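Hi,

Here is the structure I promised to pass on. Have a look at it first, and then read my notes below.

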Amino acid sequence: MSSAAPIQATCLCRRNTIQIPTKLPLTAHVCHCTTCRTSHGTLFAMHTDLDSLPFSEDSPPTTLRIYQSGQNSGKAYFCGTCGTYMFASYFYMREGERHDGFCVSTGCVSLSDPYKSENPTAKLEDVLSVDFHCIIKDTIDGGASPWAGDWNKETQVQFHGNWEEPPMPSQQDAQELSEKHVYPTGRKELEGWCKCQGVRIRIARDDETKKYQTAICACDSCRLATGTDVVAYTWVPRDWAFFITKSESGTVEVEEWPTVWDDATKAKFGNMIIYESTPGKVVWGACGTCGARVFYHRYGKQKDGQDLVEPLTALFGANDTQGIMQLDFLDWTVSDDGIYWIEDAEKEGRTGIITKNINVMYPKWVEGLKNRA
Ligand SMILES: [Zn+2]
Ligand SMILES: [Zn+2]
Ligand SMILES: [Zn+2]
Ligand SMILES: [Zn+2]
């Protein structure tokens, strides 16, 4: 056995490929809290637990930026070039005692090359599994919990709200949260923002029967962009999507969604990290302060003759009093083949972590939506 690190963490732009010395197997928890959702731009975060960070907490590699929301909160570490949220330190109180924790975003994790050469048939899903879901209550409407949790796994606990409350006993319970929630009627606008509230987006419609198509993707790019294995996007005509900015004097401005992210546009939205993964074609936006993934923009993507932009759906759940799935505004869809790009997760040997289950459960949930009144 070599002493090489068995796993590594990689961001979207791959400037950060960080070796993580650790023992295997590893467990991940899936957190549905508002902080995690608005920090990653995903419906839940997948955090793999570590004994320590693979660098000094106060002096990470210079390719990472630190975000700390307050003196008494944990730290997030995200790539300064592409914005991927990679690591975090945090603590929580349980029965009056402080517990410190460290984690790496599961979507960034892969087996290291030395480990793969020593274990040529090994898959990440053999050594990394989800052991619990937590803070589901923060979603108000159940969020993704009716279909993201593997309810057949006895070892997988589903924490309803916090450590003091009993876990949710069944998938039916999660489904009921989703079915009971009532969204406001007549909404013409939906606003979302990142954890630090530095980036705020708005989507609008002229007719309340018009819903925006929302889909789930498991491709390598989405995973590496958010640190989470499955990601929800909403396809919105560019004319109906906006950035909301605030000037220093506090005046609120509604800015058009740019057609291209050229240098002048980047300067105008200076609080964002704009990363072109395919120059002139594909652009990713993240908050430059907190590292939340905010959007994906493929130039020239159209539907019905209109340019489309793709804000990360989960940001619209930032208002934690309303429920996060916005069924009155979003049309949750699935293709005949299931969620998008599951073949990427298969190729990486990681569908067993969460994606395979979602590919079974999510289409059923979408089917169930059609039967609702
Ligand atoms: Zn990067
Ligand atoms: Zn959380
Ligand atoms: Zn932010
Ligand atoms: Zn994708």
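The C-alpha centres of domain 1 and domain 2 are 20 Å apart. Keep in mind that this is a predicted model. As for where the domains sit in the chain, the domain assignment puts domain 1 at residues 7-180 and domain 2 at 189-370.

The two domains touch each other, with 46 residues of domain 1 and 47 residues of domain 2 taking part in the contact. On the domain 1 side, the elements that supply two or more residues include the helices α1 (34-40), α3 (124-127) and α4 (145-148). If you sort the domain 1 side by residue type, you get 20 nonpolar, 19 polar and seven charged residues.

The other thing I looked at is an open sheet of three strands, in the order β15-β14-β24, with mixed pairing. Which strands stand at the edges? They are β15 (231-234) and β24 (330-332), and each has a single partner strand, so one side of each has no neighbour in the sheet. From one strand to the next, the twist averages 30°.

Zooming in on one pair, β14 (residues 212-217) and β24 run parallel and are joined by three bridges.

Terms used. Residues are numbered from 1 along each chain as its sequence is written. Chains are lettered from A and ligands numbered from 1 in the order in which they are written. This is a predicted model: local features need pLDDT of at least 70, side-chain atom pairs count only at pLDDT 80 or more; totals for chains, interfaces and linings use all residues. Domain bounds come from an automatic or database domain assignment. Two residues are in contact if their C-beta atoms, placed from the backbone, lie within 7 Å. Helices (H or I, at least four residues) and strands (E, at least two) are DSSP runs, numbered from the N terminus. Ala, Val, Leu, Ile, Met, Phe, Trp, Tyr, Cys and Pro count as nonpolar, Asp, Glu, Lys and Arg as charged, and the others, Gly among them, as polar. Two strands pair if DSSP finds at least two bridges between them. Axes are lines fitted to C-alpha atoms, for helices over the stretch in contact, and angles run from 0 to 180 degrees between N-to-C directions.
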